Amino acid sequence: MPSVVPLLVSLPYVLAARCGVDSCTDAVLATLAQDLTANYKGFSSCESRINWVKRNTGRDEEESCEKVAEEFPEECGACHPFQSPPPPQTSPSPSPPPPSPPPPSA
């Protein structure tokens, strides 16, 4: 009789979406945002800014994401936990052709 060997299958580890929204991707988190108003006028990634806010203000993940997304809407706005992402851009529909001129009178 052949021996039975248990087969262990590892299931992929699924991470929860950062900031609670699927739009907060690795690419968004890596995006650099420049702060021109603070003493530090350098660039930091959205993820670094979120982590800094969490570490230094006592805010939780979602509150930190909200703050950073509101301060840097173009760079980090996709990580806003309480705001829907903007709808996809659509091309404007073409204008209808102008009316044909009336036929000439005889």
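**Cysteines and salt bridges**

Analyst: Cys19 has a relative accessible area of 1% and counts as buried. Note that this is a predicted model.

User: What makes Cys19 buried rather than exposed?
Analyst: The cut-off for buried is under 20% relative accessible area. Cys19 has 1%, so Cys19 is buried.

User: How do you know that Cys19 and Cys65 form a disulfide?
Analyst: The sulfur atoms must lie within 2.5 Å. Those of Cys19 and Cys65 are 1.9 Å apart. The pair therefore ties together parts 46 residues apart in sequence, with Cys19 in the segment before H1 and Cys65 in helix H3. Cys65 is buried at 0% relative accessibility.

User: Which handedness does the link of Cys24 and Cys79 have?
Analyst: With 80° about the S-S bond, the Cys24 and Cys79 link is right-handed. The sulfur-to-sulfur distance is 1.9 Å, against a limit of 2.5 Å. Cys24 sits in the segment before H1 and Cys79 in the segment after helix H4 (73-76), 55 residues apart. Both cysteines, Cys24 and Cys79, are buried.

User: What makes Cys46 and Cys76 a disulfide?
Analyst: Their sulfur atoms are 2.0 Å apart, and the limit is 2.5 Å. The angle about the S-S bond is -85°, and the link of Cys46 and Cys76 is left-handed. Cys46 belongs to helix H2 and Cys76 to helix H4, so the pair ties together parts 30 residues apart in sequence. Cys46 has 0% relative accessibility and counts as buried. Cys76 is buried too, at 1%.

User: How many disulfides are there, and what is the pairing?
Analyst: A search of the whole structure finds three disulfides. With the bonded cysteines numbered in sequence order, the pairing is 1-4, 2-6, 3-5.

User: Why is the contact of Arg18 and Glu47 called a salt bridge?
Analyst: The nitrogen must be within 4 Å of a carboxyl oxygen. Between Arg18 and Glu47 the N to O distance is 3.1 Å. Arg18 lies in the segment before helix H1 (26-30) and Glu47 in helix H2 (residues 46-57), so the bridge ties together parts 29 residues apart in sequence.

User: What separates Lys67 and Glu71 in helix H3?
Analyst: Lys67 and Glu71 are four residues apart, so about one helical turn separates them. Their salt bridge has an N to O distance of 2.4 Å. Lys67 is partly exposed at 29%, and Glu71 is partly exposed at 41%.

User: What is the average pLDDT of the protein chain?
Analyst: The chain averages 79, and 69% of the residues score at least 70. Over residues 9-14 the pLDDT is below 50, and that stretch has zero contacts in the model beyond near neighbours in sequence.

Notes
Residues are numbered from 1 along each chain as its sequence is written. This is a predicted model: local features need pLDDT of at least 70, side-chain atom pairs count only at pLDDT 80 or more; totals for chains, interfaces and linings use all residues. Side-chain values use heavy atoms; hydrogens and water are left out. pLDDT is the predictor's confidence in each residue, from 0 to 100. Contact means heavy atoms within 4.5 Å. A salt bridge is a side-chain nitrogen of Lys or Arg within 4 Å of a carboxyl oxygen of Asp or Glu. Helices (H or I, at least four residues) and strands (E, at least two) are DSSP runs, numbered from the N terminus. Buried means under 20% relative accessible area, exposed over 50%, partly exposed in between (1.4 Å probe, protein chains only).
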